[in-house]
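Subject: Handing over a structure, with notes on what was found

Dear colleague,

I am passing this structure on to you, and I would ask you to keep it open beside this message while you read. The notes are meant to be followed one residue or element at a time.

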Amino acid sequence: FPSHDMGTYPVHIKDANECILDTSISVNQPPKLSFTGVMLAHPKCEGDTNGHVLLLPTGGTMPYAYSIDNINFHNNPFFSFLREGSYTFYVKDTNNCTLDTTITLIGLPHVRFDSIGLQQPLCAGNSNGAISLYMASGVAPFRYSINTTYTTPAPNVIGGLAAGEYILTAIDSNECRFDTAIHLTEPEELLIIPHTTPNDCI
């Protein structure tokens, strides 16, 4: 018989003796493949890979196969180790009927500096440089570390710094962090160069 859509069709059966039987056959199809829901957890901080997605399909014909790239399918509906971003997930039933959905994972507010003010050391060898900190985003209160030395509570100004390279880290109340490199410079060392004037008199 050729392919038929879903429905009920009359069928006539005749044997070699011309005996005929009339009956009907119902052609059914599985319910449409769809999602009953999706369970997800957003990654906590920018750069974290602790997001996950659990797909909950229904309909079609089990068993289902799942994919995040529409190439590699497996039988586990749980996807873990996900960063912030948009992902398209695919579900395929045993009849190769497919379904996809796009999900965007969003972490907590990113920690960012609005501006960083630098006061360079005034003289060579001095430790009177300073860094002024102003936050643009993240969740207060903040604390800072400079070359892994923490300051709590967080001051607006970190002083007592000599010339050099520093790694400044801001950490908000959610333990989300942001790092940036700071360079303080000092003026050249002040040198006294002696100058002698010869005496022509004896």
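Predicted model: local features only at pLDDT ≥ 70, side-chain atom pairs only at ≥ 80, totals over all residues.

The chain holds zero helices and 15 strands, and of its 202 residues 24% count as buried. If you look at the contacts in the chain with a separation of 6 or more, you will find that residues 24 or more positions apart account for 49% of them.

The sheet that I would look at is an open one of three strands, in the order β9-β10-β13, and its pairing is antiparallel. Both β9, which covers residues 112–119, and β13, which covers 157–161, stand at the edges with a single partner strand each, so that one side of each has no neighbour in the sheet. On average, and with direction ignored, neighbouring strands of this sheet are turned by 20° against each other. As a general point, the strands of a sheet pair through backbone hydrogen bonds, and they may do this in a parallel or an antiparallel way. Here, β10, made of residues 129–137, pairs with β13 in the antiparallel sense over three bridges, and you can find Ser132 standing opposite Val157 of β13.

Turning to the cysteines, a search of the whole structure finds one disulfide. It is formed by Cys45 and Cys176, whose sulfur atoms are 1.9 Å apart. The torsion about their S-S bond is about -80°, and the disulfide is therefore left-handed. This pair links distant parts of the chain, 131 residues apart, since Cys45 is in the loop between β3 (34–41) and β4 (51–58), while Cys176 is in the loop between β14 (164–171) and β15 (177–184).

Are these two cysteines buried or exposed? Cys45 has a relative accessibility of 6% and counts as buried, and Cys176 is also buried, with a relative accessible area of 3%, because buried means under 20%. Cys19, at 45% relative accessibility, counts as partly exposed, and Cys123 is partly exposed as well, with a relative accessible area of 40%.

The structure also holds one cavity of 30 Å³ or more, and about 30 Å³ of space lies in the largest cavity. Both Cys45 and Cys176 are among the residues that line it, together with Glu46, Pro109, His110, Val111 and Arg177.

Leaving out residues up to four places away in sequence, Val139 touches Pro109, Asp172, Ser173 and Asn174. Val139 and Asn174 are 35 residues apart in sequence, and their C-alpha atoms are 6.9 Å apart in space. With a relative accessibility of 28%, Val139 counts as partly exposed.

Asn50 counts as partly exposed at 40% relative accessibility, and it touches Pro43, Lys44 and Leu82 when residues up to four places away in sequence are not counted. The C-alpha atoms of Asn50 and Gly107 are separated by 9.9 Å, although these residues are 57 apart along the chain.

With best wishes

How values were computed: Residues numbered from 1 in each chain as written. Heavy atoms only, no water. Pairing = 2+ DSSP bridges. Helix = DSSP H or I, 4+ residues; strand = E, 2+ residues; numbered from the N terminus. Axes fitted to C-alpha atoms, helices over the stretch in contact; angles between N-to-C directions. Buried < 20%, exposed > 50% of the residue type's maximum accessible area, 1.4 Å probe, protein only. Contact = heavy atoms within 4.5 Å. Disulfide = S-S within 2.5 Å. 1 Å grid on protein atoms, 1.4 Å probe; cavity = no way out; pocket = protein on both sides within 12 Å on 5 of 7 lines; lining within 4 Å. Points joined across faces, edges and corners; volume = space filled by probe spheres on them.
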